[in-house]
Amino acid sequence: MPDAKKFMYINRKAPYGTIYAWESLEVVLIGAAFEQDVSVAFMDDGVYQLKKNQDTTGIGMKNFSKTYGALDDYDVEKIYVEKESLAARGLTADDLVIPVEVLAAGTIGDFVWRDTDADGVQDVGEKGIPGAKVVLTNLDTDVVVSMTTNEDGMYLFAALVAGNYRVSVDRSTVSGALTTPGTYTLFLAESEQSLDNDFGFAEKLPETGANLGDLTLAGALLVLFGLALVVLPRRRRSAEGTLQ
Ligand SMILES: [Ca+2]
Ligand SMILES: [Ca+2]
């Protein structure tokens with residue numbers, strides 16, 4: 001299936017108490033039935049979804065843990081479980097209903113800030129920018145996720161498998177000009193905390209209020225000049241047109 005889209009479903013919730021886990025299992029199976037390239041990750045209380053010997057008689061819900069065996073029938077073979085989530089709940093891979101790949105999770109973060117003096121350095125008194133959209137691409141799987149910074153300008157992509165990543169800031173969500181790279185490409189080792197992927201933005205230009213991004217003054221003039229070149233020949237052509 002060369003044109004199949006790649007999806008990774010992440011399960012973080014305990015299996016019962018809500019219908020969330022059951023619904024997400026259904027989504028995974030439906031996606032796989034349509035020949036999507038599907039992988040599934042379990043973390044936090046989501047690891048309980050795979051626990052053997054679940055007894056649900058006391059809560060009156062159907063025990064659907066055996067349904068996870070169907071993942072194999074649907075060729076969903078990439079099933080990941082986060083190592084820390086298992087350990088924190090006293091579980092090992094042997095406690096789970098299906099074979100999984102246990103991975104230590106890494107993180108990528110963590111700051112978008114107002115670089116008031118535009119020197120690319122996080123100085124005392126320079127504040128975070130809330131609501132900035134940060135986009136993370138797993139370059140090995142092409143899975144793309146995004147999040148926005150919190151009220152302190154912090155962002156954190158957690159529970160990541162080792163691999164090659166690209167993290168970039170959506171500049172349309174922040175005013176001002178970048179004072180740092182707008183994109184970082186990195187290899188994240190197993191359980192690595194990569195927290196230097198920070199994005200600085202200088203103050204909005206006060207004269208015009210326009211966001212010129214990375215454009216230098218020379219660059220801005222080139223754009224203006226280029227526009228003039230496009231406009232002038234057009235006018236000449238239409239003048240000739242009226243003569244004929
Ligand atoms: Ca600074
Ligand atoms: Ca940082």
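## Close-up views of a predicted model

**Figure 1. Overview of the protein.** The protein has 4 helices and 12 strands. The model is predicted. Of the 244 residues in the protein, 24% are buried. Among contacts with a separation of 6 or more, 66% link residues 24 or more positions apart.

**Figure 2. Confidence along the chain.** The average pLDDT of the protein is 78, and 75% of the residues score at least 70. Residues 208-216 have a pLDDT below 50, yet this stretch has 14 contacts in the model beyond near neighbours in sequence. Residues 218-244 also stay under 50 in pLDDT. For residues 218-244 the model has 2 contacts beyond four places in sequence.

**Figure 3. The largest nonpolar core.** This core has 41 residues. Val40, Phe42, Val47, Leu50, Val76, Val112 and Leu160 have the most contacts inside it. At least two core residues come from each of helix H1 (20-33), strand E2 (37-42), strand E3 (78-82), strand E5 (106-114), strand E8 (154-160), strand E9 (163-169) and strand E12 (199-201). Where does the core lie relative to domain 1 (6-103) and domain 2 (106-201)? Both domains give residues to the core, so it lies between them. In soluble globular proteins, nonpolar side chains tend to be buried together.

**Figure 4. The surroundings of Phe42.** Phe42 is one of the core residues with the most contacts inside the core. Leaving out residues up to four places away in sequence, Phe42 touches Asn11, Val47, Gln49, Leu50 and Val81. Val47 and Leu50 are also among the core residues with the most contacts there.

**Figure 5. The hairpin of E6 and E7.** Strand E6 (residues 133-138) and strand E7 (residues 143-148) run antiparallel and are joined by 6 bridges. Val134 has Met147 as its bridge partner in E7. The hairpin has 4 residues between the strands.

**Figure 6. E6 beside E9.** E6 pairs with E9 over 5 bridges, in the antiparallel sense. Val134 has Val169 as its bridge partner in E9. For Val135, the bridge partner in E9 is Ser168. Val134 also has a partner in E7, namely Met147.

**Figure 7. The open sheet of 4 strands.** The strands stand in the order E7-E6-E9-E10, with antiparallel pairing. Which strands stand at the edges? E7 and strand E10 (183-188) do; each has a single partner strand, so one side of each is left without a neighbour in the sheet. Neighbouring strands of this sheet are turned by 20° against each other on average, direction ignored. Strands of a sheet pair through backbone hydrogen bonds, either parallel or antiparallel.

**Figure 8. Lys51 in its loop.** Lys51 sits in the loop between E2 and helix H2 (70-73). Is Lys51 buried or partly exposed? Lys51 is partly exposed, because 16 other C-beta atoms lie within 10 Å, and a buried residue would need 20 or more. Setting aside residues up to four places away in sequence, Lys51 touches Leu91, Asp95 and Leu96. Lys51 and Asp94 are 43 residues apart along the chain. Their C-alpha atoms are separated by 9.1 Å.

Methods
Residues are numbered from 1 along each chain as its sequence is written. Chains are lettered from A and ligands numbered from 1 in the order in which they are written. This is a predicted model: local features need pLDDT of at least 70, side-chain atom pairs count only at pLDDT 80 or more; totals for chains, interfaces and linings use all residues. pLDDT is the predictor's confidence in each residue, from 0 to 100. Two residues are in contact if their C-beta atoms, placed from the backbone, lie within 7 Å. A residue is buried if 20 or more other C-beta atoms lie within 10 Å of its own, exposed if 12 or fewer, and partly exposed in between; C-beta atoms are placed from the backbone. A nonpolar core is a set of buried Ala, Val, Leu, Ile, Met, Phe, Trp, Tyr and Cys residues joined through C-beta atoms within 7 Å. Domain bounds come from an automatic or database domain assignment. Two strands pair if DSSP finds at least two bridges between them. Axes are lines fitted to C-alpha atoms, for helices over the stretch in contact, and angles run from 0 to 180 degrees between N-to-C directions.
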